[in-house]
Amino acid sequence: MALYEPLDPSRKEIRSLILEPLTAGSDIKCTTTTISLLDSTEYEALSYVWGDASIRETITFNGLPTEVTKNLYTALTYLRLPDKPRCLWVDALCINQKDMKERNNQVAIMGEVYANAKPVVIWLGEADDDSDEAFTLMSKVISDNNITEEITRNLFSFYIQFVEREWFTRLWTIQELVLASQDPIVGCGHTWTTWSTLFGAWQKVALIEFTKMGMVTFPDSFNISNDDIAPSKPLGVRTSG
């Protein structure tokens, strides 16, 4: 069985990755099916970093043992649904990386791939000691105008370290976020939130903490409320290519 069947560029064809559920067994198994961006098709597009290409793990891809980077292997492990397949677009597997003509054609329509995704899925990596609690606090910060000083201080400290994750430093991942037409979902370990929640909570916490530092000043009568928060795409994110 061939790993890849040819795509028709005139129809803006792409491959969709069908990720088998947890009920299919402990091994990661996935297949591809061909879809067209000209049709009304639903899929999620994965935004992640490949990681160290020399560290590899094996999955079953289109019926054959196939090596992928450790980062992608970990992402697929967490992205498996309990009892039904998941339809994803994943660049490393959905594009025949050994076919330069296909790669060029697929790169040319990648903006449409992410814009049509429902939604973009941002994978930030495995959880650390603070991420599960922080993701829970983000929702609380968004919905509560009476958050404690301890919560804002702890969450501010978390964010400062959180944006050091590799995903935030890469130009192409930020482009994938900006291309998204729906509110992306963001995963860290088993915990998920939306981009609007993650970014909106940061805006609120940053306003409070920077004000305490004297870096931002407001009139005495000014109160920070949810109406002041405008979740949006990131500005000024440090990138390194």
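## Starting at Asn96

Asn96 sits in the loop that runs between helix 2 (91-94) and helix 3 (100-108). Bear in mind while looking at it that this is a predicted model. Is Asn96 buried or exposed? With a relative accessible area of 17%, Asn96 is buried.

Who does Asn96 touch? Leaving out its neighbours within four places in sequence, Asn96 is in contact with Tyr4, Arg15, Glu102 and Arg103.

## The overall picture

Stepping back, the protein chain has eight helices and nine strands. Of its 241 residues, 43% are buried. Take the contacts in the chain with a separation of 6 or more: 71% of them are between residues 24 or more positions apart.

How confident is the predictor? The average pLDDT for the protein chain is 88, and 88% of the residues score at least 70. One stretch to treat separately is residues 218-231, where the pLDDT is below 50; the model gives this stretch 24 contacts beyond near neighbours in sequence. Residues 235-241 also have pLDDT under 50, and for them the model has 15 contacts beyond four places in sequence.

## The nonpolar core

The largest nonpolar core holds 61 residues, and the members that touch the most others are Tyr43, Leu72, Leu76, Trp89, Leu93, Leu155 and Trp195. Which helix gives this core its largest share? That's helix 6, with six residues. As background, nonpolar side chains tend to be buried together in soluble globular proteins.

Leu72 is a handy one to click on. Not counting residues up to four places away in sequence, Leu72 touches Leu46, Tyr48, Val90, Ala92 and Leu93. Leu93 is itself among the core members with the most contacts to other members.

## One face of helix 7

Helix 7 covers residues 171-179, and its buried residues are Thr173, Ile174, Glu176 and Leu177. Looking down the axis of helix 7, these buried residues fall within an arc of 155°, so they line one face of the helix. The general rule behind this sort of pattern is that an α-helix has 3.6 residues a turn, so residues three or four places apart point the same way.

What do the buried residues of helix 7 pack against? Their partners are strand 3 (44-47), helix 4 (110-116), strand 7 (120-123) and helix 8 (195-212).

## Salt bridges

Searching the whole structure turns up 13 salt bridges. One of them pairs the side chains of Arg11 and Glu13, at 3.6 Å from N to O. Arg11 is partly exposed, with 32% relative accessible area, while Glu13 is buried at 15%.

Another joins the side chains of Glu57 and Lys70, at 3.4 Å from N to O. This pair links distant parts of the chain, with Glu57 in strand 4 (residues 56-61) and Lys70 in helix 1 (residues 70-79), 13 residues apart. Glu57 is partly exposed at 27% relative accessible area, and Lys70 is partly exposed too, at 34%.

Then there's Arg153 with Glu149, whose side chains meet at 4.0 Å, N to O. Both residues lie in helix 6 (residues 149-162), four residues apart, which is about one turn of the helix. Arg153 is partly exposed, with a relative accessible area of 42%, and Glu149 is exposed at 52%. Salt bridges with shared partners tie Glu149, Arg153, Glu209 and Lys212 into one network.

## Cysteines without disulfides

How many disulfides does a search of the whole structure find? The count is zero. For reference, a disulfide is a covalent bond between the sulfur atoms of two cysteines.

Distance tells you why for the cysteines checked here. The cysteine sulfur closest to that of Cys30 belongs to Cys94 and is 8.5 Å away, so it is too far for a bond. For Cys94, the closest cysteine sulfur is in Cys87, also at 8.5 Å and again too far for a bond. Cys30 is buried, at 2% relative accessibility, and Cys94 is buried as well, at 0%.

Terms used:
Residues numbered from 1 in each chain as written. Predicted model: local features only at pLDDT ≥ 70, side-chain atom pairs only at ≥ 80, totals over all residues. Heavy atoms only, no water. Buried < 20%, exposed > 50% of the residue type's maximum accessible area, 1.4 Å probe, protein only. Helix = DSSP H or I, 4+ residues; strand = E, 2+ residues; numbered from the N terminus. Arc of directions from axis to C-beta. Contact = heavy atoms within 4.5 Å. Core = buried A, V, L, I, M, F, W, Y, C linked by side-chain atoms within 4.5 Å. pLDDT = per-residue confidence, 0-100. Disulfide = S-S within 2.5 Å.
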